Amino acid sequence: MAFRRLIPVAVACVLTTAIATPSHASRAAKEPYCATYKCIALTFDDGPAEHTETLLKVLKKYKAKATFFMIGNRVKKNLKMVGQVAKNGHEIGNHSWDHKYFTDLTSQEIYAEVRDTQRIIKKATGKDPVVFRAPGGLYPDEAREIVAKFGMVQVPGTVATKDYIKDYRNVEFLTSKALEIAEPGAVVLMHETVKETASSLPTVLRELTKQGYHFVTVSKLLEGQELTPGEVYPETPPDDSDTPEFPDGTEG
Ligand SMILES: [Zn+2]
């Protein structure tokens, strides 16, 4: 009796394994993380800066990953800190060498800005950045070609808290702004140089976590898409009023 009962159980086990394993495995291999989860990519520009460490602590507390678009000459002065950001699992993007607007530069100058920043970030993190954001969101045609040569895509962001506007630099205001513009698949443009943005982050992360968001790097957000170097990602809805459109420099 006992023997007879064992056979069907064993067969059932084999069948279950045979059916379940391949489908589960293929799903894990094919489906990008953000096809399953409600993702958002927070991005912080113009660092490394004095609030970088504060940001790292808050992000860690909420198990959040972010993307830092860094300026080459600042990376050079803070190699260790930049290495630390990368070790924490965040992505580091190229944001030019000294934040000059590309519309004011020659092709050769743009090339040098991008190249030198790639080199210094590689030195700090061991990795070549794959995402690029131009200072002030200004992308002349030459910039696209140069960014493509370095194998990067352009990521201007899909929404912004507009913390580059001095009058917006108020913790409550920036907190509600961030919560208002958050949407699945968004790339949120903020600045790690703005103290009020750093101070708004704990509430922003807490509230968005409650709403079920997963905080991922830009590359993770774009996972599964076929990317053409030099092109802009993610594709932005044409009528989005929160699309960054103003220069984003620290000084203005
Ligand atoms: Zn900037």
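Let me start with one residue. Leaving out residues up to four places away in sequence, S96 touches I71, G72, E113, T117, A134 and P135. This is a predicted model, so please keep that in mind throughout.

Where is S96 in the chain? S96 sits in the loop between β3 and α6. Is S96 buried or exposed? It has 26 C-beta neighbours inside 10 Å, and 20 or more are needed, so S96 counts as buried. One of the residues S96 touches is E113. S96 and E113 are 17 residues apart in sequence, and their C-alpha atoms are 5.2 Å apart in space.

E113 and T117 bring us to helix α6, as both are among the buried residues of that helix. Helix α6 covers residues 107–125, which is 19 residues. At 1.5 Å a residue, α6 should span 27 Å, and its end C-alpha atoms are 27 Å apart, so the two values agree.

Which residues of α6 are buried? They are I110, E113, V114, T117, I120, I121, A124 and T125. Those residues cover an arc of only 140° around the axis, which means that they are on the same side of α6.

Now to another part of the chain. L42 is found in strand β1, which runs over residues 39–47. With 30 C-beta neighbours inside 10 Å, against a cut-off of 20 or more, L42 is also counted as buried.

Which residues is L42 in contact with? Setting aside its neighbours within four places in sequence, L42 is in contact with A66, V188, M190 and F215. There is also a distance to report for L42 and G157: they are 115 residues apart along the chain, and their C-alpha atoms are separated by 9.2 Å.

Last, the chain as a whole. Its secondary structure comes to ten helices and eight strands. The chain has 252 residues, and buried residues make up 41% of them. Turning to contacts between residues at least 6 apart in sequence, 80% of these join residues at least 24 apart.

E113 and T117 are both buried residues of α6. That is all I have.

Technical notes: Residues are numbered from 1 along each chain as its sequence is written. This is a predicted model: local features need pLDDT of at least 70, side-chain atom pairs count only at pLDDT 80 or more; totals for chains, interfaces and linings use all residues. Helices (H or I, at least four residues) and strands (E, at least two) are DSSP runs, numbered from the N terminus. The expected span of a helix is 1.5 Å times one less than its number of residues. A residue is buried if 20 or more other C-beta atoms lie within 10 Å of its own, exposed if 12 or fewer, and partly exposed in between; C-beta atoms are placed from the backbone. The arc is that of the directions from the helix axis to the C-beta atoms. Two residues are in contact if their C-beta atoms, placed from the backbone, lie within 7 Å.
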